[in-house]
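The text after it takes them in turn.

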Amino acid sequence: MSFLLGCEKITVEVPSKVVLADVSLGVNTGDRIGIVGRNGDGKSTLLRLLYGQIEPDDGRVITTRGTRIGFLGQRDSLDGAASVKSNVVGDTPEYVWASDPKVRSILEGLLSDVDWQAKVETLSGGQRRRVDLARILVGDWDVLMLDEPTNHLDIKAITWLAEHLKTRWRVGEGALLTVTHDRWFLDEVCNTMWEVHDGTVDPFEGGFSAYIMQRVERDRLAALAEQKRQNMLRRELAWLSRGARARATKPKFHVAAAKELIADVPELRNPIELKRMAMARIGKQVVDLENASVRFGDKTVLDDITWMIGPGDRFGIVGGNGVGKTTLLRLIEGVQKPTSGRVRTGSTVRFAVLSQHLDALKEFGDDRVRQVVSRFSRRTMLDGKETTPSQLLERLGFEKADLNEPVSDLSGGQRRRLALMMILLEEPNVLILDEPGNDLDIDMLAAVEDLLDGWPGTLLLVTHDRYLMERVTDDQFAIIDGHLRHLPGGIDEYLKLIEQRESSVDAPTASPFETAGAKVAADGGSASGRREGGSASGSEGEAEGGAAPGVQAPKLSNNEMRALKKLMQSNEKKMATTEQRISDAEKALSEVDPSDYVALTEAQAAIDELKVRMEKLESEWFEAAEKLGV
């Protein structure tokens, strides 16, 4: 381990506050550091300071001579008039970059669907981001500083990037500093966390999960210290009040029991109670898609989709950019009509949509937050309790000072939270969220998740944030080649399906990066090397030949489909009951007298019988799911 860069007692001030005060930090070889904190607390400022892009008001930044630093900012500095190739590899001869397996892997992983000769100014925002990321990654750096590297990347690209960063350097070499709100990414990549707050930076060992556990413990100890201080003050006050009696009489105080970190924390949400409340608000039918297809000209976006969305269901929808996720949401909402098949919507259904562009806020212009909130007099139900608009706003992280801010002056995260508050107060019973985590810091993401845990309705979520997807939804579905596929194994199963799909495509068209590598190899260059993390050529939004096994189910009659779905629902309830009975039986077994062999044998036999029943129910469920193709 050797020192690469750091800072000594740096201070940064802006007119309204001190961003960093007397901060000292160091970065060594082998460090993989995730930087977290609330919006505006100075994460990006810290990164830019260490890079040397800005100067501190006090203190100094130290960099070991010869240390090469690559920096990815939130805004790119690409030359719009130049080609993608020129921005990424510059004037480097083709035989140089094409003979490097690492460079070809990066280009395949990020730019397989981007025209190598296209001008950057013609690209979409997401494509520009990937070009800028590729430009940084192809460089040979001792330290990489990445500010929100996962922005505009889909789940597959984020997974590729995490794997690349984990294997980019040998163990104990190089260093990574990244600012991101993607908690799954932080857990995958980082071995140290820096929390920026109140002008200071607190280091934590481990990834995001370890950071959360240590932070809870830190807060617990701080609360305990404050409790002790208050107790001491009360004793002192009692002594002063009672005079000499205090010397003879020992005061007695009721001290609260110590908080436990995890043991008594309840489940995130009660699905049975939420479904009961949802049915009371919406009835039994929500949205049923029956053999629904959507075509635009000769292109089929959604093909023969049958999907039942019920009260209280919490579904996540994943897929690459352009595969039809937004089209599916529009179909469910009734905005998009199916080309064939039909969509049936319950008579009591009330939709609310949180879009990426926050269209609902445009009408408010320069109105202040206080004025917007005053338009909502109704209360809404959360966690089984009535919640007022002001209480809801407080739960979403707004302070009193924020109420006087014009809507147009709010930050991106504040605007998104305000829009969420507005649609919740409209009391919809079907909530559609399209990338709700954009612009939110980790603490606010946790607050939004906590809010959604107690919301009694049907929830449909589209996001590339893997942690948010698996945290908020109970089931995930993927759109692959126009078909909807259930993912019992979650996002990991989706990534495997995509890999199978790409490997099953017959005679894929070679990308310019593969072609260049092959050409160099033919010319005697060093173009060998195993391709890592590359994706199939062509746009992810275009259907390609072949499909993952099992994606398209055999044709079934409506009666057969209903019977299979009924069997699956029935087995799900039976499995839940059986699982509880197994748990109760195992608990009872632990309480049996160890010397009573007859009772022990009978208790174990009962458990074995229940497990056999569980296996049978699971087998029937999987057989039905396979026939339905979900």
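In this predicted model, the count of salt bridges comes to 28. One of them joins Arg215 and Asp443, whose closest N and O atoms are 2.9 Å apart. Arg215 belongs to helix α8 (residues 208-242) and Asp443 to helix α15 (residues 442-453), so this pair ties together parts that are 228 residues apart in sequence. Arg215 is buried, because its relative accessibility is 17% and the limit for buried is under 20%. Asp443, at 25%, counts as partly exposed. Both residues also take part in a network of salt bridges, along with Glu195, Asp202, Arg218 and Asp219.

A second salt bridge stays inside one helix. Arg466 and Glu470 meet at 3.9 Å, N to O. The two are 4 residues apart in helix α16 (residues 466-472), which means that about one helical turn separates them. In an α-helix, residues three or four places apart point the same way, because there are 3.6 residues a turn. Arg466 is buried at 7% relative accessibility, while Glu470 is partly exposed at 38%.

The side chains of Arg170 and Glu173 form another salt bridge, at 3.2 Å from N to O. Here Arg170 is exposed, with a relative accessible area of 62%, and Glu173 is partly exposed, with 33%.

Which residues gather in a patch of negative charge on the surface? They are Glu13, Asp22, Asp57 and Asp58. Of these, Asp22 lies in strand β2 (residues 17-28) and counts as exposed, at 52% relative accessibility.

Helix α6 (residues 155-167) has 13 residues and reaches 19 Å from its first C-alpha to its last, close to the expected 18 Å. Its buried residues include Ile155, Trp160, Leu161 and His164.

Conventions:
Residues are numbered from 1 along each chain as its sequence is written. This is a predicted model: local features need pLDDT of at least 70, side-chain atom pairs count only at pLDDT 80 or more; totals for chains, interfaces and linings use all residues. Side-chain values use heavy atoms; hydrogens and water are left out. Patches are made of residues with over 30% relative accessible area and no salt bridge: like charges are joined within 9 Å, nonpolar side chains (Val, Leu, Ile, Met, Phe, Trp, Tyr) within 5 Å. Accessible areas come from the Shrake-Rupley method with a 1.4 Å probe; for residues, only the protein chains shown count as cover. A salt bridge is a side-chain nitrogen of Lys or Arg within 4 Å of a carboxyl oxygen of Asp or Glu. Lys and Arg count as positive and Asp and Glu as negative; His and the chain ends are not counted. The place of a charge is taken as NZ of Lys, CZ of Arg, CG of Asp or CD of Glu. Buried means under 20% relative accessible area, exposed over 50%, partly exposed in between (1.4 Å probe, protein chains only). The expected span of a helix is 1.5 Å times one less than its number of residues.
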